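Let's take a walk through this one, starting with a single spot and then stepping back to the whole chain. Have the viewer open as you read.

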Amino acid sequence: MKKFLKEATGHIMTGIGYMLPLIIGASLVVAIPKIIALCMGITSLDPYAETQGFEHILYLIEQVGWTGIGLTNTVLAGFVAYSIADKPAIGTGLIGGTLASNTYAGFLGAVIAAFIAGYVVRWAKNHIHLPESMQQVMPLVICPFLATGAVALIMGVVLATPLAAINTALVEWLRALCSGSTSQIVLAIVLGAMIASDMGGPINKSAWMAGNVLMTEGIYQPNVLINCAICIPPLAYAIATVIRKARFSDELREGGKGCWVMGFIGITEGAIPFTLVKPTRLIPINMIGGALGAAVTSLLGATAEIPPVGGIYGFISISNGWAYLVGILVGALFIAIVSTIFVDFNVNTDESETDVDVDDIEISFE
């Protein structure tokens with residue numbers, strides 16, 4: 001079971017990796033017309049759907065972005081299935097992801113459909129043996145037919161209604177969390193800590209994925225908190241190398257220069273070389289800093305009426321954007337100060353503590 005869970009996590013992470021460019025590109029294409037419209041005093045572009053002029057052009061561009069966001073489950077399921085069983089499974093995975101969206105089974109339904117598609121194809125490859133002259137039939141006909149049939153029966157007939165009910169209940173629960181001030185702070189602490197825990201690894205990506213799944217449901221607030229926490233670790237170590245230079249080796253001081261850029265853009269992986277110096281101490285400090293920054297952002301009232309843009313510059317897409325910036329700064333200063341109190345970074349990172357295996361940290365752009 002442990003081996004299967006590890007393998008399953010790898011397949012899901014592969015699907016998320018392929019989905020990253022889709023969700024980032026689509027979110028920006030939604031956000032930019034929205035921001036331009038807000039500068040013009042327009043809170044919604046929907047009334048301009050049937051009109052002419054510049055506002056109508058903004059509406060059309062925005063709709064392209066929403067189309068991309070609507071493909072999240074489709075692309076995720078397709079590439080999870082592809083990760084499991086290669087090309088013969090990808091078509092059925094795409095079908096399963098689309099079915100999950102159409103039946104309101106959501107992210108959970110997309111993942112289940114992908115696993116059905118992938119493992120049915122894998123089973124067929126291992127157990128159905130045709131004459132050599134008919135080998136081309138397997139990937140083109142037999143595998144897609146069996147996998148699509150299984151998805152149709154299991155997802156379309158058996159699980160569609162219960163998964164839709166589970167997904168709807170979960171979304172409504174999370175929507176309620178976002179609407180309550182106390183519960184939203186709790187959510188901020190959890191998401192902020194997850195984002196800063198393994199900096200691009202499975203925990204980080206799970207939180208990031210949850211935010212983007214909710215965004216497809218029109219719930220934007222979790223992404224405000226997530227985007228805040230993403231910037232904090234790299235920015236923290238960039239600040240630390242300036243305010244406590246004596247605590248860092250020449251190599252890490254040089255690395256701190258790159259962290260300014262990574263913090264500004266929102267790439268948590270920039271903090272990895274620093275964290276690996278003493279992970280048993282620095283991972284908890286990073287998590288507290290991420291949670292603190294996200295909580296401050298929530299407490300000060302940063303909200304999103306449109307899909308929020310990542311990075312420090314994302315404050316332009318957020319109401320009370322100053323609160324977003326303050327949250328990032330508070331979390332980063334906490335890590336910068338506390339980390340240099342408990343850890344001396346004047347070490348060769350090649351000889352540093354190895355509690356965290358670098359191979360377990362997936363390097364990818366947020």
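Two residues are in contact here when they have heavy atoms within 4.5 Å of each other. With that in hand, go to Asn 227 and look at what surrounds it: skipping its neighbours within four places in sequence, Asn 227 is in contact with Pro 308, Val 309, Gly 310 and Tyr 324. Asn 227 itself is part of helix 10, which covers residues 221-243; helices here are DSSP runs of H or I with at least four residues, strands are runs of E with at least two, and both are numbered from the N terminus. Is Asn 227 buried or exposed? Its relative accessibility is 8%, so it counts as buried, given that buried means under 20% relative accessible area, exposed means over 50%, and partly exposed is what falls in between (1.4 Å probe, protein chains only).

A word on where this comes from: the model is predicted, so local features need pLDDT of at least 70 and side-chain atom pairs count only at pLDDT 80 or more, while totals for chains, interfaces and linings use all residues. Residues are numbered from 1 along each chain as its sequence is written, and side-chain values use heavy atoms, with hydrogens and water left out.

Now for the cysteines. A disulfide would be a pair of cysteine sulfur atoms within 2.5 Å, and by that rule the count is 0. Take Cys 231: it is in no disulfide, and the nearest cysteine sulfur, that of Cys 228, sits 7.2 Å away. Cys 231 is also buried, with a relative accessible area of 0%. Cys 259 is in no disulfide either, its nearest cysteine sulfur being that of Cys 231 at 12 Å. At 2% relative accessibility, Cys 259 counts as buried too.

Time to zoom out. The chain has 14 helices and 0 strands.

Buried residues make up 48% of the 366. As for contacts with a separation of 6 or more, 75% of them join residues 24 or more positions apart.
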